[in-house]
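Morning, everyone. I'll keep this short. Please have the sequence and the structure in view.

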Amino acid sequence: MPVRGSRGGTYLDQQTLVAAGAPAPGSFEGNGRGSHLLGGQRAAAVSTVSTVVFIGGVIALFVFAPGAAAVRHTFFNPQQMKQAFLGDPSKGLYSVGKGLILNIEMFLIAEVLILFFALVIAVLRQLRNPVLFPFRMLAVVYTDVFRGVPLIIVIYGIGFGAPALYIRGVSTQSDFVYGIVALVLSYSAYVAEVYRAGINSVHQSQVAAARSLGLSQWKSLRFVVLPQAVRTVIPPLLNDFISLQKDTALVSTLGAVIEANRAAQIDSSTLFVYSSYTVAALLFLCLTIPLARFTDRLIARDVSRRMAGGATVR
Amino acid sequence: MSEADATGGFGGAARGDASLSGNPALVGQEAVRLEGVHKSFGVLEILRGIDLSVAPHEVICLIGASGSGKSTLLRCVNLLEPVNRGRILLWGQDVTAPGVDENAVRRHIGIVFQSFNLFPHMTVLRNITLGPIRVLGVPRDQAEEAGRALLVRFGLSDKRDDYPDRLSGGQQQRVAIVRALAMRPGIMLLDEVTSALDPELVSEVLGVIRELADAGMTMLIATHEMGFARDIADRVCFLDEGVILEQGPPRQVFTAPVNSRTQQFLRRIVDAGRL
Amino acid sequence: MRKTFVLVIFALIGLGLTAVASSASPASSSKAASAVLTAKASSCSHASIARDVYKIGSLTVATDSPAYEPWFSNNTPSNGKGYESAVAYAIAKQLGFSKSQVKWTVEPFDASFAPGPKKFDFDINEISYTEERATVVSFSASYYDVQQALIAMRNSRIVKHHTPADLRTYVFGDQIGSTSLAFINTELRPTQQPSVFNTLNDAKSALQDGRIQALVADTPTAQYISSSEIPKSVLVGQFPSTGEHYGLLFAKNDPLVACVNKAIATLKANGSLAKFQKEYLGIYTSVPTIKP
């Protein structure tokens, strides 16, 4: 069951594989069979040599290629990397490090709002109360539209469109606000679908059990279905949030938000080097890699728990 | 339990158990009454006119082949499936009438499923107290107090803080029964509750049901355990293709069935060594 | 299975190395190779130049898209209209290339200074010379001396009030990569951080919508924006020269620079540059000066 078409489909596919008894990619750490999979000491030696040769080859590329010196100068110039990280107002250079703080702020604010709005949308689509029909329709249209429209266009639309309307309170917000609104609009549509996949993955018998106790539809959803659904979708959700961290950079197109990527762009075009981009890339990696590892651990834990649980059902 | 008990021993006071039996105001009426109940899924007609009446404290076992409509009948009583035709009355009240609050009806009916359907994200105690707290509005400490008492009574007190996936199937099913009992239902519906269990785990669950019967619980039990049905039931109903073909005291149905289909069914069961 | 995998990895590394090595001397381009070598003294005869260019037999000239007025006309560099287009064709003529031998190519500003072989002989895209930039690429001599100018909406406070102290209080905006942005940050030093847009067009719409109060651009661009592009906008004035000038952008140490510089000197001496400035930028002369 793919969570959604384009980006996040792999996690649940992986679950299906696991359920079917196939080895799960990334399950090496989880079941403590790491050394076994490598096949003993000889194999370990081979893999070490192969790793060294591979990394050596890549390094050789950077050292001995005819243009290597130029590449090092433009991409990995320590002096300019430091300058880009700290910024230098006297030369019109922006600080990439300071810019990253904006990325983190946008990410954190947007994430909280997305988790909330997406859940509301997913739940609206789930409730079968006829009174809620128009809202359900709205939720369907909303997810269709905002999953279909590229984020950059949503950012442009909100950031350039809202001020052009000259509506008091709407047209006078900062680009920071417009950017977050656009991120929330776009990502909530994705995340709502992730939630919905999670809700649908909770077996109907759970609903029957809840309803048979006399719980209303809403209370069944609230106390029985959603807690299980959310647990299932945490890994794909985190996956989405790794994308979100990076996509905060797109808000810079509105102008006023000089986040890490935009600061790097300015520095790059001022000095004609790309070292500032390297700094931005490294900083983004510092943000996303911990989250990615955390996601992997959650998936591994989930898989092992599922297996342990499966073994004791009878 | 002898037939004499089943037919004559409705003495509520003798068998009743204050901690388990339901709403005292309902005692004395017919507990459940089905009148010409029809239920179809699409073109498939599962129930084709069921008439059945269950007295308070009566234990009725529904037997019949798979697909004969036993489970659907139970789900209809609990309003998990709406009926297409006919009426269902609980303690004299038509619960299939339009405008009936199904949640209110379900409070008085406990149902236990073949596949346990415990809530995997909750501990055993939370599974049991969810209904009382969220539906009946019992304060949490009182609900947990009552829940703990029930677990002690059914030998599950050491599992109180475990999650369901740490329990054996038999334990899970017992918890599921306790979860239904925690709502203090007036009637219990048991849907093939031992079918998903390994043979060695069946008896512990049957023991619990026996205890309920001894305590005077009104029960409608769909089962394949014929020996058990013969022991526990006040009345046995044989369902075939959506109608009750034959019913009566277990001794009569099991030893001298009148209907040829019943005879056939029981012969297959005996041949399979299950009676 | 594992052995095959290892072999494949090594094969890939090998391929990568050969690819990098060979990409420095592609069959179609003698340009890159010569750019890596030290600049050799060139006679600047058409024959010797024609052998050294990116595509033999033609002069490949790059600029960004969209190509802005009045430097180009109708976003069509090949029409010979607009100051930079005219200059490019005049230089080509000096180097002995006919009009039809000039090939235009689109080079985004950000890519123009990337390391590696260039896909053009020179880039003409209102690029300002700075010392730091010149360590990465080579620039020609100036073909236009730049002054920065201030554009605002007609009813803006900035039209009347633009002392240096006033100027620090406004919200500015500019296109990324422009020296105008550096000018704002280093010369005007506003208290609120200026907005930085992907394109000049984004910056213009921000000015129109009131999201920024002023835009800084070189005087011709500023003149064109205020007179023809944004209704109700005005050119407030231009700032004194900081010695900034536009130069053609070349691969580092491209031997062609010397010949192009010769051509530019000729065009300066014979009055061609002045003529083009009068023709394409001429209406933009009487601009009041702001003391920053």
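This is a predicted model: local features need pLDDT of at least 70, side-chain atom pairs count only at pLDDT 80 or more; totals for chains, interfaces and linings use all residues.

Residues are numbered from 1 along each chain as its sequence is written, while chains are lettered from A and ligands numbered from 1 in the order in which they are written.

Chain C has eleven helices and twelve strands. These are DSSP runs, numbered from the N terminus: helices are H or I with at least four residues, strands are E with at least two.

Now the sheet. Five strands of chain C form an open, mixed sheet, in the order 8-7-9-6-10. Strands pair if DSSP finds at least two bridges between them. Strand 8 (195-197) and strand 10 (233-238) of chain C are at the edges with a single partner strand each, so one side of each has no neighbour in the sheet. Strand 7 (residues 172-175) and strand 8 of chain C run parallel, joined by three bridges. In one pairing, C:Asp174 has C:Val196 of strand 8 as its bridge partner.

Over to the other two chains. Here 21 residues of chain B are in contact with 20 residues of chain A; contact means C-beta atoms, placed from the backbone, within 7 Å. On chain B's side, helix 4 (102-106) and helix 5 (124-134) each give two or more residues. Helix 5 of chain B gives the most, with three residues.

Note on methods:
Two residues are in contact if their C-beta atoms, placed from the backbone, lie within 7 Å.
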